[in-house]
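Subject: Structure handover

Hello,

The structure is placed below, followed by notes on what was found in it. Please read the notes with the structure open.

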Amino acid sequence: MDFTLKWMVWTVPTAIFCGSIIIIVLAMAVWQTVSPSLERKGFLPIPTTPGDRFFMGVLTSAYIFFAWVGLTQFPLWILLLIVVCWVLVVMIWG
Amino acid sequence: MKGKKKFVGLIIYFILLVIPIYWMLNMSLRSNADILASFSLYPENLTFMNYRAIFTDPSWYMGYVNAILYVVLNTVISLGVALPAAYAFSRYQFVGDKQMFFWLLTNRMAPAAVFALPFFQLYSTFGLLDTHIAVALAHCLFNVPLAVWILEGFMSGVPREIDETAFIDGYSFPKFFITIFIPLIRAGVGVTAFFCFMFSWVELLLARTLTVTDAKPISAIMTRTISATGLDYGLLAAAGILTIVPGAAVIWFVRNHMAKGFALGRV
Amino acid sequence: MWVSVLGVRVSGDHFNLTRYGGLIMEKWPNNRAWLLVLPVFVIVAFSAIIPLMTVINYSVQDIFGPGQSVFVGTEWFGQMLGNERLHDALWRQFLFSGLVLLIEMPLGILIALAMPKKGWGVPASLVTIALPLLIPWNTIGTIWIIFTRPDIGLFGYGMNKLLGIPFDHTATSLDAWITVMLMEVWHWTPLVALLAYAGLRAIPEAYYQAARIDGASAWSTFLYIQLPKMRGVLTIAFLLRFMDSFLIYAEPFVLTGGGPGNATTFLSIYLVKIALLQFDLGPGGAFSLIYFVIVLLFSFIFYQALQRVGKGGTV
C-alpha cells in the first residue's frame, strides 16, 4: 500500500486552484456561521444567498474559461483578471 | 366500450414489454448450435445445459455472489449514513444546508465515466481494489444522495410535534431516533432500500472498473465472455435471465410499497 | 398529494412548505445538525472530491506513465473544445435526450391513464411495468442484441424475412439509432409511467366527482384536472429522464459499441474510449471536466425549476 499523494499527480497551479476554492468555501462557512445573511434579489433571476452567488459565479466562470480557451489565443492572465472581476460582480450585485 | 379499448391497449403494451425478455428465455433454453441452425419461436429441443454450465462453474456463479455481496453492503452503508443526514435536512436549518443538498444531488447527476478514471487509482492506493467494499463505496456516490433525497421526503411528512413531545418526555436523540422515529418511517426505509438495491444492482461501469477477479460481478463477467467465447448465445442468454431473477424477486416483495414511494415523488 | 404515514394521512403540502416555501424559517436553526450530516459528507467526499481534484490534475498534464508527466497548461482543453468528434457526440447526445423525452413522456402518461385503479390488476401491472427497470444495464443491451439480430432475433428476423425490410443495426446508422431508441423507450418508459401513475392516484376522488357533475369530457378532465395535478411528478420524471439519458453508457455500448462508425457514440461512450481504453489521461481529464460542467449547469437550472414547482404547491 502506498499512501502518498503521488498518484494524484499534483502540480503547483492546480494545487493553488483547488486550495483557493477550498479556502474560500471554508471562509464563507465561517462567515455565515458568525453572521448569517438572508436571501436577497439582485440582478440574477432568482433570490440568492452569498453561497448561491459564489457557486453561480464559479460555474459561469468555467464557461467563460471554455470560451476563452476554445475560441481565442489570448494569454490566460487576462482571463484570470476577468474571471475574478466577474465573480466579485456576482457576489456584490447578483 | 372505452374501458375495453384501454384494457386492450394496456395488454398489447405488456406483451411488447415482455416479448424481448421471453425471447432471451427462449434462447437460454436452447443449445448454441440449435440457435444458429434454425429459427424457432419456442425451444423445440428443450435443454438446461446453459444453466448447468453456469451453476457448475465457480467463475460464473461467483459473479452472482459478488454482485449480491456488494449490493447488500452498499444498501446497508447508504441507509446507515443517509438516515441521520436526512433527519438533519428535514428538521434543522444550518449553515450551507441548501448548498450541501444540491452538492449531494450533483453527484447523483455526475457521469460515472468522469469518476471511473481516478477511482481505479484511488482505490488501489487504499489497497481496496478488487474488493466488495470498494464497489459498495463507489456506488455510495450516487446511492447516498438518492437515499437522503427519498428519506428526507418521508421524514418531512412526519409532524414535528412528535419529536418535540419525545424530547420533552426526556428521550435522548439516539433513543428517540431508533426506537420511535425510524419505526414511523419504515415504509420509507423500505422504499429507499429498494432503490439503493436497484441502482447498485444495475450499474456496470464502476463495478467493472474496480474489480479484477475476486469481486467481479456477473454483469461484467457476461460482457467479457461475449468476446472470449465468440458469442455463445445460449450461455449469454442464460446468464442474462439469471441476472433478472433477483430484481424480479425484489419487485415482487415490495410491490405494495412501491406505489407509495413513487407517490412521494422523491425518486 | 396525500401520503399515508403513521396510519394517519398527512398532507404532502405540509412537507412542500417546510422544504421549499417561505416556511423554511420554521425549521429549527441549529448548526450542530452538521454532526448528523458529517458521515454522508465524508463518504461522498471520499468518492467525489478526491477523484474530481485528480481529474483536474490530469487535465493539465501529459502523462506517459507513473512519475512521468509534463505540465501542458490548457492545451488539452483547447484540443478537446475544438475536437470535431466531441462536438458530434455532444449534438448526438442532445438529439438523443430530446427524442427520448419527446417519446417517453406522452407514452408514459398514456400508459398510466390506462392502468387499472383497483383490484388484482394493480400489483400485477406494477410488477410487469417495473421489470425492465430492475435488469442490469448490460443485460438490457444483451436482450436487445439477441432480439434484433437479423439471423436469430425475433425482431430482426421478422423485419428481414417476414416483412422483407432489410434491417441490421450493426451495418446501418439509421437501424442502429432505431434499435437504440426502441431499447431506450422499452427500458425507461416504465419509470415515467410509474411516476405518472403515482401522481394520478394522488388526485382525490372529489375532483372527479365535481368534473362528472359539470359534465366534463374525458379530454377536458385530463387537461384541467389530471395534467395540472401531475405537474410535480412529471417534472421529476422529466428531470430524471433527461439526466439519465444524458449519461447513458452501458446499454448502447453493449448493443452497438458506439457504431456503426460513430453513429451511436454518445458522450459517455466517447469519454470511456479516450480515458479508459486509450488511456489518454490528459485529454480524458479535460473531457471529463467539460462534460461535468455541462451536466452541472443543466442540473442547477433544473434544480431551481424543480424548487419552483414545489413552491407552486401542486405536487
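This is a predicted model: local features need pLDDT of at least 70, side-chain atom pairs count only at pLDDT 80 or more; totals for chains, interfaces and linings use all residues.

Gly141(C) counts as buried because it has 26 C-beta neighbours inside 10 Å; a residue is buried with 20 or more other C-beta atoms within 10 Å of its own, exposed with 12 or fewer and partly exposed in between, the C-beta atoms being placed from the backbone. Gly141(C) lies in helix α6 of chain C, residues 137–148. Helices (H or I, at least four residues) and strands (E, at least two) are DSSP runs, numbered from the N terminus. Leaving aside neighbours within four places in sequence, Gly141(C) is in contact with Ala250(C), Glu251(C), Phe253(C), Val254(C) and Leu255(C). Contact is taken as C-beta atoms, placed from the backbone, within 7 Å of each other.

Residues are numbered from 1 along each chain as its sequence is written, and chains are lettered from A and ligands numbered from 1 in the order in which they are written.

Chain C
Chain C has 14 helices and five strands. Of its 315 residues, 43% are buried. Among its contacts with a separation of 6 or more, 68% are between residues 24 or more positions apart.

Helices α8(C) (residues 173–201) and α11(C) (residues 231–246) pack with their axes 8 Å apart, at an angle of about 160 degrees. The axes are lines fitted to C-alpha atoms, for helices over the stretch in contact, and angles run from 0 to 180 degrees between N-to-C directions. The angle makes α8(C) roughly antiparallel to α11(C); under 35 degrees counts as roughly parallel, over 145 as roughly antiparallel, 65 to 115 as roughly perpendicular and the rest as oblique. On the α8(C) side the contact includes Trp188(C), Leu191(C) and Leu195(C), and on the α11(C) side it includes Val233(C), Ile236(C) and Leu240(C).

Chain B
Chain B contains 13 helices and one strand, in the order α-α-α-α-β-α-α-α-α-α-α-α-α-α along the sequence. Its C-alpha atoms fill a box of roughly 75 × 65 × 30 Å, taken along the principal axes. Buried residues are 51% of the 267 in chain B.

Chain B is divided into domain 1 (1–47) and domain 2 (56–263), with bounds from an automatic or database domain assignment. The C-alpha centres of these two domains lie 32 Å apart. Nine residues of domain 1 and eight residues of domain 2 of chain B make the contact. α1(B) provides five residues, the largest share of the domain 1 side.

α4(B) (residues 58–91) and α7(B) have axes that come within 6 Å and cross at roughly 40 degrees, which makes α4(B) oblique to α7(B). This crossing, too, is right-handed.

The core
The largest nonpolar core has 172 residues, and those with the most contacts inside it are Ala82(B), Ala85(B), Val148(B), Ile146(C) and Ala196(C). Such a core is a set of buried Ala, Val, Leu, Ile, Met, Phe, Trp, Tyr and Cys residues joined through C-beta atoms within 7 Å. Helix α7(B), residues 132–156, gives the most to this core, with 17 residues. Domains 1 and 2 of chain B both give residues to this core, so it lies between them. Not counting residues up to four places away in sequence, Ile146(C) touches Trp23(B), Met24(B), Met27(B), Tyr233(B), Ala237(B), Ile152(C) and Gly153(C).

Backbone points to check
Val9(A), which is not a glycine, has a positive phi near 40 degrees. Val9(A) is in the segment before α1(A) (12–34) and is buried, with 23 other C-beta atoms within 10 Å. Asp130(B), also not a glycine, has a positive phi of about 65 degrees. Asp130(B) lies in the loop between α6(B) (112–125) and α7(B) and is partly exposed, with 17 other C-beta atoms within 10 Å.

Regards

Conventions: Two residues are in contact if their C-beta atoms, placed from the backbone, lie within 7 Å. A crossing is left-handed if the near helix is turned anticlockwise from the far one by less than a right angle, and right-handed if clockwise.
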